[in-house]
Amino acid sequence: MHYGYDGKVAVVTGGSSGVGLATVQTLLQSGASVALCARTESRLSDVAAVLVRDHGQDRVLARALSVLDADAVKTFAGEVESRFGRCDLLVNNAGQGRISTFADTGDDDWRAEFELKLFSQIHPTRAFLPMLRRAKGAIVAVNSLLAYQPEAHMVCTSSARAGVQNLIKSLSVELAPDIRVNSILLGLIGSGQWLRRFAEREDQSQSRADWYAALAAKKGIPLGRLGDAAEAAAAIAFLGSPAASYITGAQLEVSGGLSRHI
Ligand code: NDP
């Protein structure tokens, strides 16, 4: 599907894998030039080589950095400005979840989790703000259903996710009317973290399809399966596009119906 990004520039953090990579691909297919970042240089350069092959050198910029490094993110924004001259969409996607209960979460774990969840939004937003303002652009935060539906075995991720959702709402007011700010709330998407957990499954003879199907049944996902990274990317591309021009401060669930709140 083409989401109408011809001539636009998008930035995707955590763009080397899963939802981030699917978003990069969707935006490139929709006409945007895309800058992506992630920490692991080798995986990023492998991914970038394929993107350049498919979409051309002039439409792809990849930089290895952590979104927790404010100076590196600022430098990245400067490179995007020099290379493309603008930024129309910022997708704050970089991160991962942490499995731990209250009993086995220490203070350093709490600090690390809050730092990751909040500063992965704060640093890129601050760095790209002047370009986003000039372009009258949009920010899409990739967040989790855990923000509204906490799980005890992911105690610090759930509470940090709730904080992110609160931050996004404030940003949507402070940055209006120039910049729209929305979020997606993911349920279980069959990418990064679930692939890692699949690799560590107890019964190594179980296929990925069977393991995912059993997981969907155990979690009670009404649509009966895990989501695909491309399905999350479609929601992100929509929220960042002109088709969502009157939507800000909103959250769109991509969970196969997993939410229990109204
Ligand atoms: P993946 O593990 O597949 O991808 C995560 C991406 O983020 C990678 O490119 C990774 O690259 C990058 N990344 C991680 N930390 C940093 C950092 N500090 N700075 C820059 N890049 C970073 O994850 P998913 O696609 O599954 O998830 C995408 C987002 O959605 C994450 O924030 C995740 O927490 C969230 N989410 C996912 C759910 C799911 O079911 N998949 C459910 C709810 C939320 P590298 O490691 O090289 O830095």
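Colleague: Before we start, what counts as near a molecule here?

Modeller: A residue is near a molecule if one of its heavy atoms lies within 4 Å of it. Keep in mind that this is a predicted model.

Colleague: Fine. How many residues surround the ligand, and which are the closest?

Modeller: The ligand is surrounded by 29 residues. Ser17, Arg39, Thr40, Arg161 and Ser191 are the closest.

Colleague: What's the make-up of that shell by class?

Modeller: It has 15 polar, 10 nonpolar and 4 charged residues.

Colleague: Which ligand atom does Ser66 go with?

Modeller: A nitrogen atom. A polar side-chain atom of Ser66 lies 3.2 Å from it.

Colleague: How much of the ligand's accessible area does the protein cover?

Modeller: On its own the ligand has 880 Å² of accessible area, and the protein covers 95% of that.

Colleague: Which pocket is it in?

Modeller: The ligand takes up the space of the largest pocket.

Colleague: Switching to secondary structure. Which element gives the largest share of the shell?

Modeller: H6, with 4 residues. That helix spans 192-199. Helix H1 (18-29) and strand S5 (138-144) each supply at least two residues as well.

Colleague: Last one. Where does the ligand lie relative to the domains, and why?

Modeller: Between domain 1 (9-187 + 228-253) and domain 2 (190-226), because both give residues to the shell around the ligand.

Definitions and conventions. Residues are numbered from 1 along each chain as its sequence is written. This is a predicted model: local features need pLDDT of at least 70, side-chain atom pairs count only at pLDDT 80 or more; totals for chains, interfaces and linings use all residues. Side-chain values use heavy atoms; hydrogens and water are left out. A polar contact is a pair of N or O atoms within 3.5 Å; within protein, one must be able to donate a hydrogen and the other to accept it, and residues adjacent in sequence count only if both atoms are side-chain atoms. Accessible areas come from the Shrake-Rupley method with a 1.4 Å probe; for residues, only the protein chains shown count as cover. On a 1 Å grid over the protein atoms alone, a cavity is a set of points where a 1.4 Å probe fits but cannot get out, and a pocket is an open set with protein on both sides within 12 Å along at least five of seven lines; lining residues have an atom within 4 Å of a point. A molecule sits in a cavity or pocket if more than half of its atoms lie within 2 Å of its grid points. Ala, Val, Leu, Ile, Met, Phe, Trp, Tyr, Cys and Pro count as nonpolar, Asp, Glu, Lys and Arg as charged, and the others, Gly among them, as polar. Domain bounds come from an automatic or database domain assignment.
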